[in-house]
Amino acid sequence: MKKKKLYVVLSCLSLFASNAFAQYTYEGNNKMNTWSVTGYGGITRFFGDLSQYDFKRGEREDITGVWGLSLNKQITPVFGAQLTVFNGSLTGSRRGYMSLAPGETVPTSRDLYFKSPSFVQATIDGTMNLNRLLFGFNKLRRWKFDAHAGFGVMYFHTDVYDMNTNELILSSNTEASSTTAGSWDRNGTLYTREYVIPLGLAIHYELTKRFDIGVDFTINHVNTEKLDLTASDITRHVTSQGIFGFYKGESKQDKWGYGAIALTYKLGRNAVRSKNGVYDISQGRYHLRWADPRALVPPPYNPTMEDADSIAKANMPKPVDPRLYTDSDSDGVADLFDKEPNTPAGSVVSGGGVAIDLDRYIRDAIRNNLPKDECEALFSNIEFDTDKATIRSASQTVLNQVVELLNMRPNCRIVLVGHADARAGYSYNMALSRRRVEAAKRFLVRSGLTDPSRILIEHYGEYRPLAPNTSAEGLQANRRVEIKIEPMNTLRSTYPAGYRQN
C-alpha cells in the first residue's frame, strides 16, 4: 500500500515538473548566462553500523570535513545540472558492537571505531528550483531553493580499530576489498569503489551580480555496508570473514552526509542582475539562475485611444485638394486643372479646360496643313433627356465635328464614358448609361468614322456624378456621355474626375 502511494506521489510530481519545464523553457532572442562554478566547504557525518549516535559525536570520533567543487549548468529557470567532485574524511565509533570472534558461534560485544581519512566522490546531479516552481519570480527574488539528486562513484579507504587499545583490527588495504565494485591505487593505498546516490537541498542567496552564497545539506546513499568495514553481526573483524565478499547483514546500507557553505561564481559576459524584478536587456546579460526569461521579452505594444489618435494624426496624409474631385462647368476637366472653370455647358475644351471652337479648330488644321500624326487632347460632354438614350440635335453637331476631326487625325482615338442620374436603381442606371454610350458610338460610325476600332466605351451608371442629384440642374449634368479625344499612345488610367458622393 505504501509503495502505491509513493508511485502516485512520484507521478504527480513528474506531471507538475513537466508542466513547469514547458512553462519556463526559454526560447527568446535575448542571450542569458547559464554557467556557474560552486565551491563547498563543510563538515561530514557517517551513518551506519559503527555510529553510536546520528547527530552527536561518539567516543574517538573526530570532527571530519569535506571540500568540493561543482560545475553548474542552468537549463531553465527551474531545472539545471551539475558535475560535483568532493574530497573529505569520515569517522565513526560504537561501543558494545556485537561481533563474532574466531571460534565463536555467539557474537560478543566489542568497542570499535573506524577512520576513512581521504575519500573521493564524483557525481552528476539534476537540480530543481523549488522556489521558482512553487512561488514564481515575484516572491523571494534573491533566494533559490534547489532540491538535487544524482548518481556517481565513491572511492574510499577504511581502517577499523579497537577503541580500548587503538589496535588496528581490519583495513580495506587488501586485494579482497576490491571485489565489491572496483578499486583505485592512490598513494600506495588501495581504494574501494562503490556507487553512490546523493539526495540534498541547497539554499542560495544572490549577493551580487557575480556571487551567490548558500548552504547545502546532502545525504549520500552508498551502495555498500563496507564503508565502515562492518556488515551487521555476521562480521568477524579479526579474520575479515563476512565483509569482503558480497555478504549482506541485517543492517541498512551505509550513508554519509554533509552540511557545507557554498560560494557560487556566475560565469558569463556582461553580468547584471535585476532591480526589484525590473529587467533592462540593454545593460547586459542576466543569469538564468535568477532571471525570469519571459520578462526579457518586451510585451506587445497596445496603444491607448490617445496614443492611437496621436499616431493617426502624425501619419495622416495631407488633405487632397477638393478641386481634384469637382468639375463645376461639367466640361470633363477637374477644377484643379481647369484653366477656364466656367465654360458654357456642351463646350469642347482642351486638356487644360480652355474652350475651343471645334469647327474653327478643324478649318485651321486643314488650312495650315498641320501634321496628321499630331493629336491634341480635347474634352466635351453631350447630355440626354430623362430615361432616354437618344442623341439631341445640338449634340449631333458636336459628334459630326468629332468624326471630321478623327478622320483627319488618324493618330487620335475617342473615349466615350456613359453616365446616369440617381433616380432609378443601380442596375437600371448601369444599363441606361451603357445604352447612351452605345448610341453615341453608333452615331459616330454612321456619320462616317473611318476606323471604329479607335472608339473606346465605358459606362458607370450613377456611380460617378458630376453634381449632387438633389436639383434639376444636378440631375441634368449627370445624364451625360463624356467625350475624350486623346493620342493613340496615351495609357488608359482610372477616371479621375467627378463629384464625390457622401
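This is a predicted model: local features need pLDDT of at least 70, side-chain atom pairs count only at pLDDT 80 or more; totals for chains, interfaces and linings use all residues.
Let me begin with the chain as a whole. The protein chain has 502 residues, and 45% of them count as buried. Its secondary structure consists of seven helices and 17 strands. Among contacts with a separation of 6 or more, 70% are made by residues 24 or more positions apart. The accessible surface comes to about 26600 Å², and carbon and sulfur atoms hold 57% of that area.

I turn now to the aromatic residues. The count of aromatic pairs comes to 12. One of them brings us back to the opening residue: the ring centres of F151 and Y195 are 5.7 Å apart and the ring planes meet at 20 degrees, so the pair is stacked. The angle decides this, because planes under 30 degrees apart count as stacked. F151 belongs to strand β5, residues 143-156, and Y195 to strand β9, residues 189-206. The pair thus links distant parts of the chain, with 44 residues from one partner to the other. Y195 is partly exposed as well, with a relative accessible area of 36%.

Elsewhere, one aromatic cluster is formed by Y40, F86, F119, W256 and Y258. Two arginines also lie over tyrosine faces. R435 is placed over the face of Y428, at 5.7 Å from the ring centre. For R464, which lies over the face of Y460, the corresponding value is 3.9 Å.

Next, the nonpolar interior. In soluble globular proteins, nonpolar side chains tend to be buried together. The largest nonpolar core in this model contains 26 residues. The members with the most contacts inside it are I382, V402, I414, L416, L444, I483 and I485. Which elements supply at least two residues each to this core? They are the strands β14 (378-383), β15 (412-418) and β17 (480-487), together with the helices α5 (393-408) and α6 (426-446). The largest share comes from α5, which contributes seven residues. A second, separate core has 23 residues, and W256, Y258, A260 and A262 are included in it.

I414 is buried, with a relative accessible area of 0%, which is under the 20% limit. Which residues is I414 in contact with, leaving aside its neighbours within four places in sequence? The list consists of V402, L406, L444, R454, I455, L456, I483, K484 and I485. It therefore includes R454 and K484 alongside V402 and L444, where contact means heavy atoms within 4.5 Å. As a further reference distance, the C-alpha atoms of I414 and P452 are separated by 9.5 Å, and these two residues are 38 residues apart along the chain.

F79 is found in strand β3, residues 79-99. With a relative accessible area of 16%, F79 is buried, since the limit is under 20%. The C-alpha atoms of F79 and H148 are separated by 9.7 Å, while the two residues are 69 residues apart along the chain.

Strand β6, residues 159-162, and strand β7, residues 168-171, pair in the antiparallel sense over three bridges. In this pairing, V160 has L170 in β7 as its bridge partner. The two strands form a hairpin with five residues between them. Which residue in the turn has a positive phi? It is N166, with a value of about 60 degrees, although N166 is not a glycine. N166 is partly exposed, at a relative accessible area of 40%.

N270 also has a positive phi, near 50 degrees, and is likewise a residue other than glycine. N270 is found in the loop between β11 (255-266) and α3 (305-315). Is N270 buried or exposed? N270 is exposed, because its relative accessible area of 54% is over the 50% limit.

Conventions:
Residues are numbered from 1 along each chain as its sequence is written. Side-chain values use heavy atoms; hydrogens and water are left out. Helices (H or I, at least four residues) and strands (E, at least two) are DSSP runs, numbered from the N terminus. Buried means under 20% relative accessible area, exposed over 50%, partly exposed in between (1.4 Å probe, protein chains only). Accessible areas come from the Shrake-Rupley method with a 1.4 Å probe; for residues, only the protein chains shown count as cover. Two strands pair if DSSP finds at least two bridges between them. Rings of Phe, Tyr and Trp (its six-membered ring) pair if their centres lie within 6.5 Å; planes under 30 degrees apart count as stacked, over 60 as edge-to-face and the rest as tilted. A charge sits over a ring if NZ of Lys or CZ of Arg is within 6 Å of the ring centre and within 35 degrees of the ring normal. A nonpolar core is a set of buried Ala, Val, Leu, Ile, Met, Phe, Trp, Tyr and Cys residues joined through side-chain atoms within 4.5 Å.
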